[in-house]
Amino acid sequence: SRIEEILSGRFPTDITRDLKQYGYEFFNKEISTFSPVTDVPVGDEYVIGPGDVFTVNLWGKAESAYTVTVNREGRVVIPRLGSVNVAGLSYRELESHLYRNFKEYYPEFRMSVTMDRLRTIDIFVVGEAKYPGTYSVSSLSTMISALYASGGPTKNGSLRSIRLMRDGREMAVLDLYDFFIDGSKKDDHRLRPGDTLVIPVIGPTVGVVGNVRRPAIYELRQERTLGEIFRMAGGILPTGRLQNVVVERIAGHEKRVVKSLNLELRDESFARLAIPLQDFDVVKIYPIHDSLRQVVYLEGHVKYPRQQEFKPGMKIRDLIPSYEVLLPEPYLPQAEIIRLVAPDLHPEIIAFDLGAVLSGDET
């Protein structure tokens, strides 16, 4: 990873423009079957409907087990009880409803209801879908699970404005970035038979490249500022140079321009970076220079070549306090300081007698 490279000493010197659209890799899979998964556990709020199969177990003074299927009218036929309407009941309500009916025939008994097989429902996926069409999915399916089963949007389709249509009305709008970035499924509604998922064309996009934690091309919805884009990209790496942030922009459908920004980052909330962005902008964060500052290096015939923080008033004895630092048989009369002199940082060599230094000569 880039973080591994940086912390291993391979410091970046440039940025790459190899960007990919964020989020679409979630749907990168081969669809081998459209068969719905129907053997998953249900919750207490699951609503019973035609096609569901469940088993009623009785014990105590009544030892019986009845496996029944909800018919198209929403009814089940159970011995002794006859035809019982169960459609529209929640899984929690089903057991109490059947218990009351059996109570008329068995004074003392225990009962449990277990779901055997869930019904399937037909839904439609249209618009900029990778595989538009009709899908049979589990009655527990939600918008996200149905999109995953259908292969998701193409890269020309939106991840942020997927509409759920029911009986000609728009019931919900799903923003998959809430799920991908925050894990939130607050708008992930349960599907019903005949529902339609509409994937519109992708909205405005902005590319973020360079020293951010997640370089990518992001689709915009309500985000319009530089700070909001940095939040989507996971923040700026410590290696990012903020004194010259470059924004490449297409202006007026006629030319490409560059804007250079000198940013002041007070905190990681990016609240102050309210600089507006436009569709197809590319934000570039270049790396800082990899040279260390305020450092001196000890090299040559020594036991431990190293770098050390430079402090005002620092002397040779701070680096070489005794002969213990040196390897055996050093040539003491000729040691050198190689100094880079401003402004062009050309090297200057200052020779000194290391033996005299170690003997206490302060000159």
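Is phenylalanine 109 buried or exposed? In this predicted model, phenylalanine 109 counts as buried, at 7% relative accessibility.

The ring centres of tyrosine 106 and phenylalanine 109 are 6.1 Å apart with the planes at 65°, so the two rings make an edge-to-face pair. Tyrosine 106 counts as buried too, at 13% relative accessibility.

Another edge-to-face example joins phenylalanine 26 and phenylalanine 179, 5.9 Å centre to centre and with 90° between the planes. Phenylalanine 26 sits in the loop between helix H1 (2-7) and strand S1 (53-60), while phenylalanine 179 belongs to helix H4 (residues 176-182), so this pair ties together parts that are 153 residues apart in sequence. Both rings also take part in a cluster linked by ring pairs, made up of Tyr22, Phe26, Phe27, Tyr148, Tyr177, Phe179, Phe180 and Tyr218.

| Residue | Relative accessible area | Class |
|---|---|---|
| Phenylalanine 26 | 31% | partly exposed |
| Phenylalanine 179 | 22% | partly exposed |
| Tyrosine 106 | 13% | buried |
| Phenylalanine 109 | 7% | buried |

Now for a polar residue. Threonine 142 is found in the loop between strand S7 (133-138) and helix H3 (143-150). With a relative accessible area of 16%, threonine 142 is buried, because the cut-off for that class is under 20%. Its side chain makes a polar contact of 2.8 Å with the side chain of aspartate 188. Beyond its neighbours within four places in sequence, threonine 142 is in contact with Asp188, His189, Arg190 and Leu191.

Note on methods. Residues numbered from 1 in each chain as written. Predicted model: local features only at pLDDT ≥ 70, side-chain atom pairs only at ≥ 80, totals over all residues. Heavy atoms only, no water. Helix = DSSP H or I, 4+ residues; strand = E, 2+ residues; numbered from the N terminus. Buried < 20%, exposed > 50% of the residue type's maximum accessible area, 1.4 Å probe, protein only. Polar contact = N/O pair within 3.5 Å; in protein donor to acceptor, adjacent residues only side chain to side chain. Contact = heavy atoms within 4.5 Å. Phe/Tyr/Trp six-rings, centres within 6.5 Å; stacked < 30°, edge-to-face > 60°.
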